[in-house]
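Let us walk through this structure in short steps.

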Amino acid sequence: MLTAVKNQVRVCALSVKYNVMREMLNKVTFLTNILFMMFNNATFIVQWVILLRLRDDVGGYTMREVMLLWALAASSFGLSRILFARVFSLPDLIINGKLDSYLVQPKNVLLSVMTSETNTSAIGDLLYGLLIFCVFCFQVKRLLLFLLFTVTGAILMTAFALLMGSLSFWFVRAEMFGNHMVGSVTSFNTYPDGIFRGTARFLLYNVIPVGMMTYHPVHIMVEFDAAKMLMVFGYLFLLSAAAVFVFYRGLRRYSSSSLMEARM
Amino acid sequence: MRKYVVIYRSVLMENLQYTVNIAMGFISYFFIIFVFINLWDYMYAAPGDLIAGYTKEQMIWYVMITEMIWFGARSTTIRQQVPTDIRGGNIAYLVNKPYWYPLYILAKYTGEWNIQLPMYAVLTTVIGVTMVGAVPNFHPVTLLAAVPCIVLGVTIHGMFKICISMLSFWIEDSNPFQWLYDKLILVVGTIFPVEIFPASLHPILKLTPIYTVCYGPAKLIVDFSVEKYLEILLAQVLYLAIGCGIMCLLYEKGGRKLYVNGG
């Protein structure tokens, strides 16, 4: 059992490694993508400088907390798209019957699909997250928590994308709906939770996983709270299990398009 | 010119078949507007407060209109088709057709936004009226004056995006430059009106596409004045001429770098 898990992890790691190596074939494009993505993210600092000139805090967040929020959002988004970028285009594989080449492999189908693509610009997101964390909010204890929540955030993001993407097994326009829902995570998780009230707040903590991805982790990093930590892990477990379950249930409905495809 | 009208009409008819797909984009638009309504609700501590001369309602309407332009002018033709044509070599076939490639793309783009933008305009009005209330001191005649500015703004936006996509003649992937332009428009242009920035930056911002693409049309709807109208219209005409010049230059220079490998 342990050997099988070890082998599977090794295959996934190799898959990601070869994805990155493939992207690095054109070094100029590879580096431009990373650097420009970091610069692209940095433009939002202007937005927060202006907003925090108007008021001392936004939703209870000062510049330090906003940067912590941004660092975590960028790094978990980045990590998710470095390791599991294919999840975000899963509907394309389902609709066009491109899952065949994964189904015939002697390894776990879901993990093979998930790790079969890497988004180069996501490396820029991850590096940007780490960079602004170090510049604005560095503490050794907080760094450990930050790294931990980067991983949990990436898993939550991936699980949510997998759940939304798997809807394409059942519904025709689920692809677009899913994309917009996954996009909404990015829209919400770069703004403080203090500006949302009532139903919106409830949805952000329970339906769209933004609360568990970034809001609770930021609160924990500012002031440690074991109960919130347990909630994050509980939610992570539930969402991941639900996403995997829905994917495999949906896979039973999958029909091939007899597309000839080879995976190198 | 007739051939471009035919291209425009065919894309328009094609897009009419996909109105449901376009309407799915309303989800993202709604989420973003929802975030900004909450954000500005928080920023305006008391009703009647002014930030950079804007009331809360004016500020939210400003953001909704700029986002409407942003979403309404989204186009796969200028963002994906141009770089793909150039990188993949398909442009070698397209340059031989009896049309000028940049105008062909612009005609297709116009066909796309002519469906999208009115749909987003209706949605903006519905969200605005139900969640924010009417635009203070708004007069319907203002809308007539603002429409040409919106049309010019969206065209200028498309022209600059085509120019950036044509950088693919020199570099393989023009996407990073698209991100930067997008962020310039999004972060500086759609979220805040120019007045919110320090006065020393105003002349610089007026020289950027932000002024003609987002700020101008939105400003005219939320706070119309004849002087501003003429100033924005003049800036847009100048920008259109400059954008046209850059587009021609890039296409001519880029075309010379084209290699035909056969196949």
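The largest nonpolar core holds 138 residues, and A:F160 and B:I162 have the most contacts inside it. Such a core is a set of buried Ala, Val, Leu, Ile, Met, Phe, Trp, Tyr and Cys residues joined through C-beta atoms within 7 Å. Buried means 20 or more other C-beta atoms within 10 Å of a residue's own; exposed means 12 or fewer, partly exposed lies in between, and C-beta atoms are placed from the backbone.

This is a predicted model: local features need pLDDT of at least 70, side-chain atom pairs count only at pLDDT 80 or more, and totals for chains, interfaces and linings use all residues. Residues are numbered from 1 along each chain as its sequence is written, while chains are lettered from A and ligands numbered from 1 in the order in which they are written.

Take B:I162. Beyond its neighbours within four places in sequence, B:I162 is in contact with B:I78, B:V82, B:P102, B:I105, B:L106 and B:M247. Contact requires C-beta atoms, placed from the backbone, within 7 Å.

Now the interface. In chain A, 29 residues are in contact with 23 residues of chain B. Helix 2 (27–42), helix 3 (44–54) and helix 10 (174–188) of chain A each supply at least two residues of the side touching chain B. Helices are DSSP runs (H or I, at least four residues), numbered from the N terminus.

Finally, two loops of chain B. Most residues other than glycine have a negative phi. B:A52, between helix 3 (26–43) and helix 4 (56–72) of chain B, has a positive phi near 55°. B:A52 is partly exposed, with 14 other C-beta atoms within 10 Å. B:N137 lies in the loop between helix 7 (101–132) and helix 8 (140–165) of chain B. Its phi is also positive, near 55°. B:N137 is exposed, because 11 other C-beta atoms lie within 10 Å.

How values were computed. Contact = placed C-beta atoms within 7 Å.
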